[in-house]
Amino acid sequence: MVGIAEEIISRMVVASTPLFLATLGEIYTERSGVINLGVEGLFVLGASISFTATIITGDPYIALLATIVLGSVIGGIHGFVSTYLKGREILSGLAITLFAYGLASILGRPFVGLSLPTRINLANNYIYLLIINILLAILSWTILFKLKIGAIIRACGEDPSSAYVMGVDVDKVRLATTMLGSGIASLAGGIYTLGYIQVWTEGAGMGWGWIAIANVIVSLWNPILAPIFSLIYGGINSMIWLLQLPPYNISPYLLGTTPYLITLITLFIIVATPIKKYVKPPAALGIKFEREERTI
Amino acid sequence: MFRNREVIGLVGSTPTQLFINGLSKRFGPIHALKNVSIEFRGGEIHIILGENGAGKTTLAKILSGIYRLDEGEITINGTPVKIRNTKDALRNGIAIVSQYPKLIEEMTVAENLLIALDYYGPLTTPRSVIERAVELADKYGLHIDMDKYIYSLSFSERQRVEILKALLLNPSVLILDEPTTLLTPNEKRGLYRFIEMLKQEGKIVIVITHKIDEALEIGDRITILRDGKVIVSLPKEKLTKDMIIKYMFSDGAEENKYNQIFIRRDASNRNAVLVVEGVDVIDDYGYIILKNVNLKVFEGEIVGVAGIAGTGLKELGESIYGLRKIARGQIVINGRSVSYMKREEIANNVGFIPDNIVKTLVLELEVEKNFRLKKSLWSITLDAMERYINKFRIKAESPNQNTGTLSGGNLQKLVVSREVALKPKLLIATNPTKALDHISINVIHGIFREYASNGGAVLILSEDIDEVLRISDRIYVISNNTIKPVDSNKDARKLMMELLT
Amino acid sequence: MKLVVRRRFYKHTYLKIVLTVAAIGLTLLISMVILYLASNIPPEDFIYAVYMGLIDPSTLRYLIPLTLCGLGLTLPYKAGIWNIGSEGQLLSGAIIATYIALYIYPTDINPIIGIPLLLIASFMAGAATALVAGFLKARYNLNEILSTLMLNYIIIGLGNYLVYGPWRGATQYGYPRTDIIPSQLWITNIEILGIRINMTLIIIILASALALNYIIKHTRFGYDITVYGLNRDAAIYSGISPEKVIILTMLISGGLAGLAGAGEVLAIHRQLIRVQDVSAGYGYMAILVAWLSRMDPMATILSGYLVAALISTGYTLQILAGLTIGAVNLFIGGLLVLATALDFLLEYEVEIRW
């Protein structure tokens, strides 16, 4: 029995890690006032690149590094459009997702069906993984809420024009956090393939980024709370498939909808119960910083 | 981790010279500043004086890097400097205390100070700023709790934070934009002392104001702006109040502004259009900002409520217009409780001019489309619309002109004209003449009067005491978190000043 | 050198066209380079594929669902409500149309009653799906982007469950698809000048475009939508009901996507197949269709054609170079991000000073 319990916990932790990381990245981005719907595509792209790069280089860590760099550069396009160019960030984020889907498909194509030369074994080290995740959550909380750098990031998300008067280069900060969040999202996708599913097929990782964006709300934009729903979701996502076996025999397609259903229900609980008074998105989330804004 | 503040202090304390040469700034079709050249000297309090819309704040914002200049040159101590953003300005020792404190509401005082201070590295904590800040605050008698969130502070406390921030920045040029608007006489004296100290240290102190008395009281040199141009820049000794008035206003109409020559009407035997009973008004953060407000407006009268910005004036108006929930009491318009009225019903029966009129305009659409914003004006004829546009002297080429290309004053007049065209029983106007030239002010006040004489009820909520005095039949003042009536027949101005502060 | 940037309040139509064309050109150029570097596709093959995409009659086939969904999105996007759920709404329409045709109707149903009722039902199914998100937004302010996305996945799962499970057709040799719907319910193509066109659906598209155009430009509701999208404060001040705007725009957009779903079933597949084969992401691509047209319903037909041509190009490349259709997303995403970026020049005038 201990073995099964441990198995379950280990799967939960491993499956939650990509979601947790992507959420963490997006928290930084949204705290500075930018919504990055590109997270979804960058996760998928990360899943693809890390796989192909590991096969090409033979070293998963070099592959992950490449993943982070490419992810932050492509996410940087979204960052640039939604800060300096004052573009509609919902659209440019979606565009990055579609673009990254396409790129992931093209880059991964020749490697479908191949297997990884080396594996990152997360399942056996799940305790360390859990500790690292929790430390990352605490570290991010400290950065955002206890240090000057975090105050600057939050200032851009709360009141960019006051932040600007205080000498903060709002667009630069927002671009930086968008690139950071994008890099982390790609890394999360990389860990998803290298450490969790360990194969790559077209479409691997699709949907995880959306869940991460929902998880930012569920976590109330607070890194400390990010692991909670990640673990629940990770648990469900790794366990639910067992229900297609006898005696349950539930359709895998139906089971596939449960993570989304649960996310939607969780979001509903957050906004429709007294919890909603803790839902305080950054005041300037999604609002462009216009330097010479016209008030009258 | 951070550079020694004393070193910066030494740099800052050398007497400074700041020249601006040929400065121009355009917003769309509006020339806010035209070829402005001014010389600022260290150890001098330099007043920039002008009417609303003269370009004073634009100048301040360019110097502090908030706006970019279109043309012109800025020279500090003989070297031309480029001020592309606020960071450049701060690096060149230029700091600004804005008219309305620019602080992050959701953060503590210490966090706000930390963000603003360049010499603290990104990994410092708010703790590190507190010691120095408290020390300075004590020295200058600015008492603020460093761990309080800005949203929980009163306006004068926020102003203190701004001043403390400026002190910590230790700039060689300090710009104060209408610094006394929100201050009590006591706080004002404190501020003047502080300005005087900076001056003794050889710094340039630039004070932006439209108050002539203030300019003469504290200034060493006065530059008068009008329509974005420098009219005169002279030592105070060479100017008299009369001269200043002449320079500030193109004709003598200004004196009229302060006359209170009309006969106040008594409308109390008529029907009450608006009844506010025992209302507690809440602010954006759920705090009660005004307690137990009782107020009536009768048919055919103008009631004025005067108050300092940030004390609940705006919130009172929004509560009556149904945009804001009230904590207690009831608001009745034409015998109907506002809390039972649909938004659409309120919108179409009550005229409302908010503090920030851009909130009721769609700048991307045509003037005509903006005029039709409220449903009951949806099918107004173009002729009728043009009559209003002409009556209000709105400078628009045609109803098809894009609204965003109108000047601020014309936008203000557009909103007022629209709300009047609605022919509501009740008209609520928040700072209706803010940023208007005196001719437009006269036009708008005239229309309010005419409106009241035809039986309308007008509620003016204004930060401008003179405006309230000038057109109200009855007057209230916001004081100590509630509103108090003022006997308008006695020395109302003095009474109001006392109550306000 | 110095750049002076100023906000524009008047948006020139010619500029919209120039910028859109520029975005398309740049996207094709960038895609060509990426495909050359990553998949070794020679530029001339790419150019050939684009050319084929533009003239291939099959482009018209993709135009129909894309334009219907895109038309639907013009209203919510004008109001700044981000319905990303066209995909799920389309599939709801497809599922309901199949269900009624196979399981409710008598087998000898008269098509004159049968087809219109199917179209109405699928409109309602799409609208109902969108309204779940619309209601959650209007009542609880739940982010519509996330709710519509989640609903997409839920409906995709549901659709696949049906075709793999209870609805799997007895005559389909075990393939995951339903039985064929009665042939009198098929919406058939007619041949005009050698090109097969589905007149019924084209007429529905034209009628919807005209109706939406009228709503946006000439009705108070259209004006409310515009105001709500441009300045929410102004909408609230003037008594425009956000709930009404949210609910109605979502309803119409979901309904049109549902119609597109019925069209796919009745005119193309004649049965419900795996959902990823019913819609190759038309619902997502429709976002680009609506945006390229700047939410102008008449222009949506043109942008629908352009995006359809990109899909055709993708299929040609699939044959030429062995790419999967997923690669089309590269063009769609690239074009969307470039169009959004170039919008800067529409919103701001940039003056270069030396």
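How many bridges join S19(B) to strand S20 (residues 482–486) of chain B, and do they run parallel or antiparallel? There are 5 bridges, and the two strands run antiparallel. Keep in mind as you browse that this is a predicted model.

**Strand S19 of chain B and its partners**

- One partner is strand S13 (residues 302–306) of chain B, which runs parallel to S19(B) and is joined to it by 4 bridges.
- If you want to find that pairing on screen, look for B:Val303, whose bridge partner in S19(B) is B:Arg474.
- On the S20(B) pairing, B:Ser479 has B:Thr482 as its bridge partner.
- S19(B) and S20(B) make a hairpin, with 2 residues between the strands.
- B:Asn480 sits in the loop between S19 and S20 of chain B, and its phi is positive, about 50°, although this residue is not a glycine.
- Is B:Asn480 buried or exposed? B:Asn480 counts as exposed because it has 11 C-beta neighbours inside 10 Å, and the cut-off for exposed is 12 or fewer.

**An open sheet in chain B**

- Four strands of chain B form an open sheet in the order S12-S11-S14-S15, with antiparallel pairing.
- The edges are taken by strand S12 (288–298) and strand S15 (336–337) of chain B; each has a single partner strand, so one side of each has no neighbour in the sheet.
- S15(B) pairs with strand S14 (residues 326–333) of chain B in the antiparallel sense, over 2 bridges.
- In that stretch, B:Ile333 is opposite B:Arg336 of S15(B).
- Helix H11 (residues 313–320) of chain B lies across S11 (272–282), S12 and S14 of chain B, and runs at about 120° to S11(B).

**Helix H2 of chain B**

- Helix H2 (residues 56–63) of chain B has 8 of its 8 residues buried, so the rest of the structure largely encloses this helix.
- The buried residues of H2(B) include B:Lys56 and B:Lys61 as well as B:Leu59, B:Ile62 and B:Leu63.
- Just after H2(B) comes B:Gly65, with a positive phi of about 80°.

**Where chain A touches chain C**

- Here 41 residues of chain A are in contact with 42 residues of chain C.
- On the chain A side, helices H3 (60–82), H4 (89–108), H9 (208–218) and H11 (252–272) each give two or more residues.
- H4(A) gives the most to this side, with 15 residues.
- By class, the chain A side has 27 nonpolar, 10 polar and 4 charged residues.

**Where chain C touches chain B**

- In this case 15 residues of chain C are in contact with 23 residues of chain B.
- Strand S1 (2–7), helix H8 (220–230) and helix H9 (232–237) of chain C each supply at least two residues of the chain C side.
- H9(C) has the largest share, 4 residues.
- The chain C side divides into 8 nonpolar, 4 polar and 3 charged residues.

- The axes of helix H6 (residues 148–158) of chain A and helix H4 (residues 109–116) of chain B come within 9 Å and cross at roughly 95°, which means H6(A) is roughly perpendicular to H4(B).
- A:Lys148, A:Ala151, A:Ile152 and A:Ala155 of H6(A) meet B:Glu111, B:Leu114 and B:Ile115 of H4(B).
- The residues of this contact comprise 5 nonpolar, no polar and 2 charged.

**Backbone spots in chain A**

- The peptide bond from A:Pro246 to A:Pro247 is cis, with omega near 5°.
- A:Pro247 lies in the loop between helix H10 (226–239) and H11 of chain A.
- A:Trp221 has a positive phi of about 60° without being a glycine, and its place is in the loop between H9 and H10 of chain A.
- A:Trp221 counts as buried because it has 23 C-beta neighbours inside 10 Å.

Note on methods: Residues numbered from 1 in each chain as written. Chains lettered and ligands numbered in written order. Predicted model: local features only at pLDDT ≥ 70, side-chain atom pairs only at ≥ 80, totals over all residues. Contact = placed C-beta atoms within 7 Å. Nonpolar A, V, L, I, M, F, W, Y, C, P; charged D, E, K, R; others polar. Pairing = 2+ DSSP bridges. Buried ≥ 20, exposed ≤ 12 C-beta atoms within 10 Å, placed from the backbone. Axes fitted to C-alpha atoms, helices over the stretch in contact; angles between N-to-C directions. Parallel < 35°, antiparallel > 145°, perpendicular 65-115°, else oblique.
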